[in-house]
Amino acid sequence: MVPGLITAVLLVLFVGGSIWLWRPSVKPAMDAAAQMPLDDDKEETA
């Protein structure tokens, strides 16, 4: 019983997190986070 409940809770958290990440309002923050490694390279060469 308990392992099934844990699996269900984790599934709900995964689906909820996936829906939250794919919202259009989160896209600018995700794009900025995707550019972070490239921004570090620009600072080192400048």
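These are my notebook entries on a predicted model of one chain.

**Overall fold.** I looked up the secondary structure and found two helices and zero strands in the chain. Helix α1 takes in residues 2-21, and helix α2 takes in residues 27-45.

**Burial and surface.** I then asked what share of the residues counts as buried. The answer is 2% of the 46 residues of the chain. For the accessible surface I noted a total of about 4,200 Å². Carbon and sulfur atoms account for 75% of that area.

**Nonpolar patch.** I checked which residues form a nonpolar patch on the surface. They are Met1, Val2, Leu5, Ile6, Val9, Leu10 and Leu13. Together they have about 760 Å² of accessible area. I looked up Val9 from this patch and placed it in helix α1.

**Annotated span.** The UniProt record, an unreviewed entry, carries the annotation "transmembrane region" for residues 6-22. In the model I found this span to be 94% helix and 0% strand. I noted 24 Å between the C-alpha atoms at its ends.

**Salt bridge.** I searched the whole structure for salt bridges and got one. Its partners are the side chains of Lys27 and Asp31, at 3.1 Å from N to O. How far apart are Lys27 and Asp31 along helix α2? They are four residues apart, so about one helical turn separates them. I also looked up the exposure of Asp31, which has 38% relative accessibility. Asp31 therefore counts as partly exposed, because that class lies between under 20% for buried and over 50% for exposed.

Note on methods. Residues are numbered from 1 along each chain as its sequence is written. This is a predicted model: local features need pLDDT of at least 70, side-chain atom pairs count only at pLDDT 80 or more; totals for chains, interfaces and linings use all residues. Side-chain values use heavy atoms; hydrogens and water are left out. Buried means under 20% relative accessible area, exposed over 50%, partly exposed in between (1.4 Å probe, protein chains only). Accessible areas come from the Shrake-Rupley method with a 1.4 Å probe; for residues, only the protein chains shown count as cover. Patches are made of residues with over 30% relative accessible area and no salt bridge: like charges are joined within 9 Å, nonpolar side chains (Val, Leu, Ile, Met, Phe, Trp, Tyr) within 5 Å. A salt bridge is a side-chain nitrogen of Lys or Arg within 4 Å of a carboxyl oxygen of Asp or Glu. UniProt positions are given in the numbering used here, feature names are shortened, and annotations may be inferred rather than shown by experiment.
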